[in-house]
Amino acid sequence: MYSKLYKYRWQYLMILPGVVLLFLFSYVPMAGIQIAFRDFRIGSSIWSSPWVGMDNFSFLYDAQFWTVVKNTLYISVLKFVFGFPAPILLALMINEVRNSKFKRFVQSVSYVPHFFSWIVVAYILQSLLTVDGGLVNDLIGKAGGEPIFFLGSTEWFRPMIVASGLWKETGWNTILYLAAITTIDPQLYEAAKVEGAGKLAQIRHITLPGIAPTISIVIIMSIPSLISVGMDQIYPLMNSANMGVADVLDTYVLRNGLQQGYFGMATAVGLLSSVISLLLVITTNRLSRKINGEGLW
């Protein structure tokens, strides 16, 4: 053991700053988890706050909390169903482009939305979808239809969230799959052509199996997001009209923790979400290893 430490001493020294930062910013703050079991108030110390046991978990008996859970899972499943295959399909299409200049252009254009903050995206959506002067409603009016209050509609809120997420992140997420495709041996495609395999057959029997390990890892990493759908995307678009379908766990914690001062309950919700996410990762990793032998560990 000591011989290996000495042999790779410079490599360990190189990663030491990252390990220290990870410890300081990811593990040290975990001491705050105890707030979930204390009656913490602003102005008092965490260590001096009285213990209250499981009292902060009383939200489990709140009907509103389970409505929030339902909204979270509903939006998460929609984003996963539409958002997971989208970058794979886009990567497959980009890979088939033979004109290198056009290929780089398509890649660059598809990456750009990723660099917009969700505040900017929310402003764009508000400008396009507003009833008064919005481009979409203007087109609907010119087509003879009635204006739609997209931003306050409970029916349109979820499709709006899914569509904006696809527009913003699909191009960026193709990077991983395009990199995986480049590792596939080109001789396999040449052999497939000799055997008379068309493009679809090559994609089905060579490309997809070749990137299957990458797909498995992405699935495992994506499963925890079923509990967290992204407050930065939803909160700027949430209002009193769509609150019934827009209120998710992240916004629930924000409202109760920061706005109303129930820090213990907010920490308890976050702790429960973290535990569930951990269990989902472990379960998905085991299933992945049993199905195709690939996993995070």
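A pocket is an open set of grid points with protein on both sides within 12 Å along at least five of seven lines. In this predicted model, the largest pocket has a volume of about 730 Å³. Its lining comprises 27 residues, and those closest to the pocket centre are Lys79, Gly83, Asn173, Ser222 and Ser225. Two or more lining residues come from each of α3, α8 (157-182), α10 (199-222) and α11. Helix α8 gives the largest share, nine residues. By class, the lining holds 14 nonpolar, 10 polar and three charged residues.

**Helix α4 and its surroundings**

Helix α4 spans residues 85-95, and eight of its 11 residues are buried, so the helix is largely enclosed by the rest of the structure. The buried positions are Ala86, Pro87, Ile88, Leu90, Ala91, Leu92, Ile94 and Asn95. These buried residues pack against α3, α5 (100-111), α8 and α10.

Thr170 lies in α8 and counts as buried, because its relative accessibility is 12% and the cut-off for burial is under 20%. With neighbours within four places in sequence set aside, Thr170 is in contact with Ala86, Pro87, Leu90 and Gly165. Ser110 is found in α5 and is also buried, at a relative accessible area of 14%. Not counting residues up to four places away in sequence, Ser110 touches Leu90, Gly171 and Trp172. Ser110 and Trp172 are 62 residues apart along the chain, yet their C-alpha atoms are separated by 6.9 Å.

Phe37 lies in the loop between α2 (9-27) and α3. Its relative accessible area is 24%, so Phe37 is partly exposed. Leaving aside neighbours within four places in sequence, Phe37 is in contact with Pro50, Trp51, Val52, Gly53, Met54, Asn56, Phe57 and Leu271. Phe37 and Phe57 are 20 residues apart in sequence, with a C-alpha to C-alpha distance of 8.7 Å.

| Residue | Relative accessible area | State |
|---|---|---|
| Phe37 | 24% | partly exposed |
| Ser110 | 14% | buried |
| Thr170 | 12% | buried |

**Helix α13 and its packing on α3**

Helix α13 covers residues 249-259, in which Leu249, Thr251, Tyr252, Leu254, Arg255, Asn256 and Gly257 are buried. The buried residues of α13 pack against α3 (63-83), α11 (231-234), α12 (243-246) and α14 (263-292). Just after α13, Gly261 takes a positive phi of about 80°.

Two packed helices are described by the angle between their axes and the distance between the axes. For α3 and α13, the angle is about 140° and the axes are 8 Å apart. That angle makes α3 oblique to α13, because roughly antiparallel packing requires an angle over 145 degrees. On the α3 side, the contact is made by Gln64, Phe65, Val68, Val69 and Thr72, and on the α13 side by Leu249, Tyr252 and Arg255. The residues of this contact divide into five nonpolar, two polar and one charged. Leu249, Tyr252 and Arg255 are also among the buried residues of α13. Residues three or four places apart in an α-helix point the same way, because the helix has 3.6 residues a turn.

Terms used. Residues numbered from 1 in each chain as written. Predicted model: local features only at pLDDT ≥ 70, side-chain atom pairs only at ≥ 80, totals over all residues. Heavy atoms only, no water. Buried < 20%, exposed > 50% of the residue type's maximum accessible area, 1.4 Å probe, protein only. Helix = DSSP H or I, 4+ residues; strand = E, 2+ residues; numbered from the N terminus. Contact = heavy atoms within 4.5 Å. Axes fitted to C-alpha atoms, helices over the stretch in contact; angles between N-to-C directions. Parallel < 35°, antiparallel > 145°, perpendicular 65-115°, else oblique. Nonpolar A, V, L, I, M, F, W, Y, C, P; charged D, E, K, R; others polar. 1 Å grid on protein atoms, 1.4 Å probe; cavity = no way out; pocket = protein on both sides within 12 Å on 5 of 7 lines; lining within 4 Å. Points joined across faces, edges and corners; volume = space filled by probe spheres on them.
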